[in-house]
Each structure stands twice: as structure tokens, then as C-alpha cells.
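I opened my notebook to go through this structure piece by piece.

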Amino acid sequence: LGDDTMAETPLRKIDDLLDLADKARKLGHMVTTDVDSERVDIASLLNSEIDRIGDVYSGASFVCETEGDLTTAVLPCFQQALLELIENAAEHGGETLYVSVTGTAIGPDIVIDIADDRPGLPDHEAAVFESGTETPLIHGSGLGLWLAYWIVMIHGGTIEATTDTDGTTVTITIPRTTQLY
């Protein structure tokens with residue numbers, strides 16, 4: 001057409017569909033694959049994912065702080081949940097693109113907070129964490145949050161989102177002695 005700007009929107013939509021298909025494939029693989037859990041240091045997983053995402057979002061500031069023994073048994077897919085949530089925070093963050101990740105051992109649990117400086121997670125997106133269900137009229141815009149939700153649930157954990165004027169915080173809580181469901 002001679003005008004590159006007219007091609008940008010369809011190409012962006014095609015990229016979004018390819019990303020959605022990739023996440024659907026990962027979700028299908030996760031559900032159908034029979035693997036054993038392994039003891040891992042969650043702090044190492046958090047730092048690994050921040051390094052990987054930091055390469056993509058080079059203008060973003062990432063801070064990771066951990067406290068206590070964050071070793072537990074998880075399936076390999078747990079790393080994907082962390083990736084989805086940290087990437088979501090970076091992708092939809094505010095103008096400063098600031099993402100803070102903390103991991104803390106609290107009693108029998110590991111608590112992971114992923115916070116950003118965005119205006120807030122829309123209600124229809126946060127509903128994934130609150131109800132665990134979607135309807136044709138009320139649903140998330142992608143599979144990333146669903147993927148994270150189901151991975152955390154498989155590990156016997158919880159996931160919730162809170163928003164305020166400073167941004168959004170997604171909190172994952174999993175037992176340090178994970179019993180997979």
C-alpha cells in the first residue's frame with residue numbers, strides 16, 4: 001500500500017495471536033505432561049526470570065529482594081508462572097516501568113510479591129485470581145494470568161492481586177512443603 005503505518009496494526013494483532021497460541025500450547029503441555037517436582041531455590045528462579053525479562057525491557061528498573069529459606073519442591077512449570085507475572089508487570093507498568101519482586105519465607109509458606117507502578121489491574125483481569133472462573137462477558141484478555149493462576153493452584157497455593165494509587169501487587173503464596181494437586 002505504500003504506507004507502513006497501515007500494516008502496523010494487523011501485524012501487532014498477528015503477533016498477539018501468536019503469543020496467545022504459544023501460551024495455549026504451554027498450558028496444554030502443562031496439563032498433559034506427567035513430571036515430578038524438584039526442590040529448587042525460589043530466589044534463584046526469581047532472579048533468573050528478572051534477568052531474562054530485564055533483557056527485553058531494558059528501560060525498566062527491576063528490584064529483587066529475598067529473605068529466608070525459599071527452597072521448596074515445585075514442578076518445572078512454576079518458573080513459567082513467575083515469568084508470566086513478572087513480564088505482565090513490566091509490560092503494563094507505568095511510565096517509570098518499575099517492578100519490585102520480593103520473596104519471603106513466612107512460617108510454612110513462601111510468599112512472593114510482584115509489584116509494579118501501573119495504574120491498576122483492571123477488574124476483569126483481577127477476577128481470574130478472585131473467582132477462578134470466567135464468563136463469556138467477563139474474562140481476561142489473555143492466557144498469561146490464567147496460566148499463572150493454574151500453576152499456583154496445582155502447587156496448593158493462592159494468588160491474589162491488590163491495587164492502589166501506587167500500582168498493582170500480585171501475591172503468590174505456596175507451601176514450603178508443596179503437595180501437588
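**Entry 1: a strand pair**

I note at the outset that this is a predicted model. I began with strands β6 and β7. β6 covers residues 158-164 and β7 covers residues 167-175.

**Entry 2: aromatic rings**

Next I searched for ring pairs. The structure holds three aromatic pairs. I looked at W146 and W150, whose ring centres lie 5.9 Å apart with the planes at 15°. Stacked pairs need planes under 30 degrees apart, so I log W146 and W150 as stacked.

Where do these two residues sit in the chain? Both belong to helix α5, which runs over residues 144-154. They are four residues apart there, so about one helical turn separates W146 from W150.

I then checked accessibility. W146 has 10% relative accessibility, so I count W146 as buried. W150 comes out at 37%, so W150 is partly exposed. The cut-off for buried is under 20%.

W150 has another ring partner to record. Y149 and W150 make an edge-to-face pair, with 5.0 Å from centre to centre and 85° between the planes. Is Y149 buried or exposed? Its relative accessibility is 10%, so Y149 counts as buried. I close this entry with the cluster: ring pairs link W146, Y149 and W150.

**Entry 3: two helices**

I moved on to helices α2 and α3. α2 spans residues 42-56 and α3 spans residues 78-91. How do their axes cross? They come within 10 Å of each other and cross at roughly 45°. That angle makes α2 oblique to α3. I also looked up the hand of the α2 and α3 crossing, and it is right-handed.

Last, I listed the residues in contact. On the α2 side I wrote down I42, L45, L46, S48, E49, I50, R52 and I53. On the α3 side I have F78, Q79, L82, L83, I86, E87 and A90.

Methods:
Residues numbered from 1 in each chain as written. Predicted model: local features only at pLDDT ≥ 70, side-chain atom pairs only at ≥ 80, totals over all residues. Heavy atoms only, no water. Pairing = 2+ DSSP bridges. Phe/Tyr/Trp six-rings, centres within 6.5 Å; stacked < 30°, edge-to-face > 60°. Buried < 20%, exposed > 50% of the residue type's maximum accessible area, 1.4 Å probe, protein only. Axes fitted to C-alpha atoms, helices over the stretch in contact; angles between N-to-C directions. Parallel < 35°, antiparallel > 145°, perpendicular 65-115°, else oblique. Left-handed = near helix turned anticlockwise from the far one by under 90°. Contact = heavy atoms within 4.5 Å.
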